Structures are given as C-alpha cells and as structure tokens.
Amino acid sequence: MNGIDQLSRMTGYDESVDDHEFLRSYRRLGSVAISPTGFPMALRFSNIAALTDPTTTRQLETESIRKQGVTTGPIFELHNRSMLFSNGPLHKKRRGPVTRTFAFKLMEGMRAEVAKLAAEIVTEAEGQEDLDFLEVFAGEIPARMIAEILGLPKSEMPRFRKLVYSVTRAFKMGFDQAQQVEIERDFTALIAEVDRLLNERKGHPGDDFISRLIVDAQDRFELSLDDIRWQVITLIIGGSDTTRLALCSTLALMLSHTEQWQAFCRNPDELKMQVVQEGLRFEPPIASFARVALTDIDLEGVVLPTGSPVSVCILSAMRDEQVYDAPFTFDIHRTDQPRWHPAFGTGEHRCLGEALARAELEECLATIARLAPDTVLTNAPMVRGLNGIRRIDQMRVRFN
Ligand code: HEM
C-alpha cells in the first residue's frame with residue numbers, strides 16, 4: 001500500500017498541452033497523481049463512487065475561498081450559504097426545496113421554448129459570413145432560459161445576462177484583485193435583482209417557480225428568504241457557463257465529424273440524446289470537483305489519509321480505458337455509456353439542473369441540424385482546464 005507522498009507529480013502543464021493526452025500519460029502511472037496545483041487527483045472512473053460517498057468524503061465548504069484571502073462579501077457568502085458548498089443536514093435543507101420545485105416536468109416543458117429561441121437565432125444569423133457562436137447563441141440560451149424560469153421580464157435580459165457571466169467567475173478559483181472588485185460589484189446587482197423577485201412573489205404569489213419555491217422552502221424546510229436567495233443564485237450561476245461551454249464543444253465536435261453530423265441532420269430527434277451523451281463525455285464543461293477525505297480511503301493501492309483534499313477528475317474518468325472502448329474516439333453511436341452520466345457528478349451533490357441542461361443542449365443542437373444542416377465551423381474552440389469549470393476561448397460558425 002502506498003502513501004500519497006509516493007504519487008507521481010504532474011509537471012509541464014500549460015495552455016499548449018492537450019488535457020486529455022496529459023491525463024492519459026498519468027493514468028498509465030497509476031489511478032491517482034498529484035495535480036499541477038499540488039493536490040491528489042483521482043483519475044479513474046472506478047474512483048468516483050468512493051470519493052462522492054458522504055460517509056467517506058465531504059464537500060469543501062469555505063476553506064478554498066478563505067485560502068484565496070476572501071472572508072467577507074458576496075463571493076464568500078456564496079461559499080458560505082450555497083447548497084453546493086454544504087454538507088449533511090444543512091445541504092439537504094438547502095437542496096430539498098429546489099429539487100422539488102426545479103422538477104423534471106418543469107424542465108421538459110422548457111423544450112419547446114428552447115427550440116423556438118434557437119430557431120430565432122439561427123434564422124436571424126443565416127447568411128452572415130461568420131457568427132460569434134459563443135456570444136450570440138451559446139451565451140444567450142442558458143441565461144434566457146433561467147430568466148424565463150425565474151419570471152424576469154424580457155427587457156431585463158441584456159443586463160441580467162451581463163451580470164450572470166460576470167458573477168460565474170466567483171465559482172472559479174484564481175481571480176485577481178481587480179477581477180474580484182468587478183465580480184463583487186456585479187454580484188451585488190444580481191443579489192438585488194433576485195431579492196426583488198423574491199419579495200415581489202412573496203407579496204403576490206402565483207403559480208410560478210419562485211412562488212412555489214418560497215412556499216415549499218419556508219413551510220417544509222424552514223428555510224429563510226435569505227437562504228432561498230443563495231440557492232436561486234446557485235442555480236443561476238451553476239446553469240450558465242456549464243451549458244454555454246457544452247453547447248459550443250458538442251456542436252464543434254459534431255461539425256468536425258462530418259459523417260456523424262450528416263446522420264444527425266437526417267434524424268435529429270432520434271439522435272439528439274446520443275449526441276449530447278457523447279459530447280459531454282468527450283469534452284465536458286466541468287473537469288473535476290474537490291472533496292475532503294473523512295476516513296483513510298484506499299484508492300486501488302494508494303491510501304488517501306483522513307483530512308486530505310482530493311480532486312475527482314471526471315475529465316480523466318470519462319476517457320478511462322478500463323470503462324470505454326476506444327475512449328479517444330468521438331462516437332455518438334457508442335453503446336458503453338454508463339447509465340448515469342459522470343459529467344453531472346454523482347452522489348448527494350449530483351447536478352440539480354441536469355434535465356434543464358439536457359433540454360437546452362438537445363433542442364438547440366437538433367434545431368441547428370434541422371434548420372442549418374450545411375453549417376460550417378469557421379473557428380474551432382479551444383477548451384482547457386483540469387480544475388472545476390473549464391475555459392473556452394472562442395467559437396465561430398456560418399449557419400447555412
Ligand atoms: C451541461 C451542463 C451542466 C453540467 C456539466 C453540470 C455539472 C455539474 C456537476 C458535475 C455538479 C456536481 C459538483 C460537485 O459534486 O461538487 C453540479 C452541481 C450542480 N448543478 Fe450542474 N451542471 C450543468 C448544468 C446545470 C444547470 C442548467 C443548472 C441549473 C440551472 C445546474 C445547477 C446545479 C446545482 C444547483 C448544483 C449543486 C447541487 C448540490 O450541491 O446539491 N447545473 N453540476
């Protein structure tokens with residue numbers, strides 16, 4: 001049995017390195033390695049279950065944000081109050097009412113709305129030489145859908161969208177002081193917007209998501225309005241950058257695999273689910289998430305000691321040679337996808353927005369395949385990052 005001091009150290013990682021090849025080279029050396037940021041990183045699919053079991057690990061709470069020197073203000077409060085950074089009964093109390101109200105049925109009902117909005121953007125952009133897909137399409141859909149669910153008026157959209165993509169940076173580590181000032185300024189404005197919505201619906205409840213959430217959270221879970229605010233903000237932040245990136249990377253992958261794209265264009269409704277499954281496996285928006293060991297954990301011969309932080313690298317797990325046949329081949333027809341998709345995590349913190357994300361991704365891609373089958377990828381994106389939400393630089397297309 002080895003200790004973590006005997007693990008290989010990942011070196012030579014920079015923007016020019018292909019993440020997948022880099023991780024493969026360390027998977028060959030063992031199931032765990034010390035990541036470029038200095039923490040044990042679990043690389044195999046088989047590691048995921050043990051590391052997301054609440055009896056063996058816990059979610060990081062405020063320790064990572066404190067380490068960055070942030071101990072007050074809205075970014076700190078997000079880490080202090082969001083379900084994502086909570087454990088045990090407090091996590092259940094914060095997540096419970098959102099799970100009940102942000103239900104599958106509501107999300108399925110959004111499909112027609114997503115398809116309509118996607119068709120509008122495609123039609124408007126047709127004939128344009130070169131469309132900024134990241135900004136005009138992929139950035140618009142997640143922000144618009146969450147705004148619809150919250151019941152924001154359309155006129156508020158441009159401002160809301162700007163605030164959302166600024167504040168999403170609070171989930172990422174490594175912002176500098178100037179960025180922190182900017183994020184906090186926009187965060188304060190976003191909080192004011194959410195508080196306005198909550199107070200309005202509390203005073204005049206209707207048959208909408210926010211009204212139902214308030215009743216459920218207060219009556220069944222005894223959650224204060226202040227606490228509900230942070231869960232709504234988690235939804236807003238959790239569902240924007242992630243889906244934006246997945247829209248870009250999956251479309252780019254499909255357009256770069258002509259035969260698969262043509263098959264999809266012939267049968268968009270039949271294949272949309274498979275396209276999204278494979279897109280999320282091949283280039284997922286979240287590379288890894290962190291946990292802390294509550295006991296000594298045996299990871300195939302390596303003992304992770306109690307109290308050790310660990311990064312669960314789903315990016316690596318979804319190219320694991322022990323699970324997927326030809327994992328470096330993009331294949332929408334593959335039959336070895338696990339029943340639950342690791343891109344959305346697993347265990348108590350499994351993504352709460354999976355149904356919405358799938359509705360957005362499937363309907364957008366199917367709409368493009370239907371209306372613009374001759375779409376050309378004019379500038380392919382570069383997706384990078386081993387920690388948390390990954391970075392995307394740009395993506396441009398010509399809709400035909
Ligand atoms: C393709 C898009 C998405 C991906 C890949 C994704 C992935 C994930 C992952 C991996 C986690 C677990 C993190 C952990 O265990 O530490 C998570 C949690 C979460 N996601 Fe998503 N997500 C996506 C879209 C969405 C959307 C659309 C929403 C809502 C609008 C959303 C809301 C959340 C929330 C609230 C959590 C926290 C759950 C908890 O802590 O109990 N996500 N997501």
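Colleague: Where is the place of Glu 182?

Modeller: Glu 182 sits in helix α11; helices are DSSP runs of H or I with at least four residues, strands are runs of E with at least two, and both are numbered from the N terminus. The model is predicted, so local features need pLDDT of at least 70 and side-chain atom pairs count only at pLDDT 80 or more, while totals for chains, interfaces and linings use all residues. Residues are numbered from 1 along each chain as its sequence is written, and side-chain values use heavy atoms, with hydrogens and water left out.

Colleague: Is Glu 182 buried or partly exposed?

Modeller: Partly exposed, because its relative accessibility is 35%. Buried means under 20% relative accessible area, exposed means over 50%, and partly exposed is in between, with a 1.4 Å probe and protein chains only.

Colleague: What does Glu 182 touch?

Modeller: Not counting residues up to four places away in sequence, Glu 182 touches Ser 166 and Arg 169, where contact means heavy atoms within 4.5 Å. With Arg 169 there is a side-chain to side-chain polar contact at 2.9 Å. A polar contact is a pair of N or O atoms within 3.5 Å; within protein, one must be able to donate a hydrogen and the other to accept it, and residues adjacent in sequence count only if both atoms are side-chain atoms.

Colleague: How many residues has helix α11?

Modeller: Helix α11 covers residues 177–203, which is 27 residues. From first C-alpha to last it reaches 39 Å, close to the 39 Å expected at 1.5 Å a residue; the expected span is 1.5 Å times one less than the number of residues.

Colleague: Which elements do the buried residues of α11 pack against?

Modeller: They pack against α4 (73–81), α9 (140–150), α10 (157–167), α12 (209–219) and α13 (225–238). Among the buried residues are Ile 183, Phe 187, Leu 190, Val 194 and Leu 197, and also Glu 184, Asp 186 and Arg 201. An α-helix has 3.6 residues a turn, so residues three or four places apart point the same way.

Colleague: And what happens at the start of α11?

Modeller: A side-chain oxygen of Asp 176 comes to within 3.2 Å of the backbone nitrogen of Ala 178. At the start of α12, a side-chain oxygen of Asp 208 comes to within 3.2 Å of the backbone nitrogen of Ile 210.

Colleague: Staying with α12, which of its residues are buried?

Modeller: Phe 209, Ile 210, Ser 211, Leu 213, Ile 214, Asp 216 and Ala 217. These pack against α5, α6 (104–108), α9, α11 and α13.

Colleague: What does the side chain of Asp 195 make a polar contact with?

Modeller: The side chain of Arg 229, at 2.8 Å. Asp 195 is in helix α11, and its C-alpha is 9.6 Å from that of Ile 228, 33 residues apart along the chain.

Colleague: Switching to Arg 94, is that one buried or exposed?

Modeller: Arg 94 counts as buried because its relative accessibility is 5%. Arg 94 is in helix α5 (residues 88–101), and its side chain has a polar contact of 3.5 Å with that of Asp 227. Leaving out residues up to four places away in sequence, Arg 94 also touches others, including Asn 80, Leu 223 and Gln 231.

Colleague: What is the protein donor of the iron atom of the ligand?

Modeller: The only one is Cys 351, through SG at 2.3 Å. Donors are N, O and S atoms within 2.8 Å of the metal (3.2 Å for Na, K and Ca), and water is not among the atoms, so sites may look incomplete. Cys 351 lies in the loop between α17 and α18 (354–371).

Colleague: What about the phi of Glu 300?

Modeller: Positive, about 50 degrees, although Glu 300 is not a glycine. Glu 300 is in the loop between β7 (297–299) and β8 (302–304) and is partly exposed, with a relative accessible area of 45%.

Colleague: Last one: where is Ser 316?

Modeller: In helix α17 (residues 314–317). Ser 316 is buried, with a relative accessible area of 0%. Apart from neighbours within four places in sequence, Ser 316 is in contact with Leu 23, Arg 27 and Leu 43.
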